[in-house]
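Please prepare a briefing on the structure shown below.

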Amino acid sequence: MFSARSLFQEIIEHDESYRLFCSVAAGGEAQGGWENGRIAALLPASLREPAPKVTRHGADEDKHGRIFHALLRKRGLTPVEVPAAIDHTMLLERRGIGLAHDRLRRDEPLGELDIVTYLAHSRVTEQRAADQMGMLRNSFGDHPEVGRAIRMISRDEENHLAYCHEELLRPARAGHGPAIRRILRDCALAETGVHRDVSLAVLDRMGRILGWSTARSAVLATAVRTMHGHERLGGRRRMTGLRMPERRDAPGGPATGAPEYA
């Protein structure tokens, strides 16, 4: 029987699979840092209230990217180019989810609907990130090589998810609830499909690196498709509900550094 713990253990014990894992993670975090930085810069004066949290979010994502690069350096490895088939961020953009990069590259202030779209997209993707990092924290939070990094990133992802809930509740109370629910449903539906496709592509590459048998690869691929089916049938509600978080202003204050990984 395969488990997420045994699978990840196998990945981090092999240099090439570990190299791919850290490279994919670093690329996604760096991209998120750029996106949040641009969004913070494009917020108009009338919509500046969430700016400090958006800025902190971007700084945290940049930090996470540096952490994954530092984990590679610790093992004497260099990043590999991330294949297009596992570039989660760009695959979502191609499905029209979130704010297009062309839009963010222009020096035009964002509107209220843009901010709602950004927050809804982040609420969905941060749920995935928080869930995945929580699973890794529970299984590898005390690991001598990656445990400290996993604990730090997991805490940040939970904070990001909390502030997305809090900030989306503001426009929902102001009458934008139907639009927010629609955007959340669209984002969640697209994200679950992209997550399935990326997971299958990653498993294919990891299988070739680690020499998995055809039978083992087939079992893991079936598990991914089964999980996707569950999410489509109702599991994605976890990504679309809104509630006031226990911790308010979760990412408040300046970004914390990570000198041990710099």
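How many cavities of 30 Å³ or more does the structure hold? The structure holds 1 such cavity. This is a predicted model, in which local features need pLDDT of at least 70 and side-chain atom pairs count only at pLDDT 80 or more, while totals for chains, interfaces and linings use all residues. Residues are numbered from 1 along each chain as its sequence is written, and side-chain values use heavy atoms, with hydrogens and water left out.

**Overall fold**

- The protein has 9 helices and 0 strands; helices (H or I, at least four residues) and strands (E, at least two) are DSSP runs, numbered from the N terminus.
- Along the sequence the pattern reads α-α-α-α-α-α-α-α-α.
- The radius of gyration is 18 Å, close to the 18 Å that the globule rule gives for 262 residues, so the protein is as compact as a globular protein of that length. The radius is taken over C-alpha atoms, and the globule rule is 2.2 Å times the number of residues to the power 0.38.
- Along the principal axes, the C-alpha atoms fill a box of roughly 55 × 45 × 35 Å.
- Of the 262 residues, 50% count as buried. Buried means under 20% relative accessible area, exposed over 50%, and partly exposed in between (1.4 Å probe, protein chains only).
- Among contacts between residues at least 6 apart in sequence, 82% join residues at least 24 apart; contact means heavy atoms within 4.5 Å.

**The cavity**

- Rolling a probe the size of a water molecule over the atoms shows where empty space is left.
- The search uses a 1 Å grid over the protein atoms alone: a cavity is a set of points where a 1.4 Å probe fits but cannot get out, and a pocket is an open set with protein on both sides within 12 Å along at least five of seven lines. Lining residues have an atom within 4 Å of a point.
- Grid points are joined across faces, edges and corners, and a volume is the space filled by probe spheres set on the points.
- The largest cavity contains about 70 Å³ of space.
- Its lining is made up of Phe8, Tyr18, Phe21, Cys22, Phe68, Leu71, Met133, Leu136, Val146, Ala149, Ile150 and Ile153.
- Two or more lining residues come from each of helix H2 (15–42), helix H3 (51–74), helix H6 (112–140) and helix H7 (147–210).
- By class, this lining has 12 nonpolar, no polar and no charged residues. Ala, Val, Leu, Ile, Met, Phe, Trp, Tyr, Cys and Pro count as nonpolar, Asp, Glu, Lys and Arg as charged, and the others, Gly among them, as polar.

**The second largest pocket**

- The second largest pocket holds about 320 Å³ of space.
- Its lining has 19 residues, of which Glu158, Leu161, Ala162, Arg243 and Pro245 lie nearest its centre.
- H6, H7 and helix H9 (237–240) each supply at least two lining residues, and H7 gives the largest share, 6 residues.
- By class, the lining has 6 nonpolar, 4 polar and 9 charged residues.

**Cysteines**

- The whole structure contains 0 disulfides, a disulfide being a pair of cysteine sulfur atoms within 2.5 Å.
- Cys187 is in no disulfide, and the nearest cysteine sulfur, that of Cys164, is 11 Å away.
- Cys187 counts as buried at 3% relative accessibility, and Cys22 counts as buried at 1%.

**Individual residues**

- Glu166 is placed in helix H7 and is buried, with a relative accessible area of 7%.
- Beyond neighbours within four places in sequence, Glu166 is in contact with Lys53, Met244, Pro245, Arg248 and Asp249.
- Leu7 is in helix H1 (residues 4–13). Leaving out neighbours within four places in sequence, Leu7 contacts Leu203, Trp212, Arg216 and Leu220.
- Leu7 and Leu220 are 213 residues apart along the chain, with their C-alpha atoms separated by 9.9 Å.
- Gly134, in helix H6, is buried with a relative accessible area of 9%. The C-alpha atoms of Gly134 and Glu158, 24 residues apart along the chain, are separated by 8.7 Å.
- Met135 also lies in helix H6 and counts as partly exposed at 33% relative accessibility.
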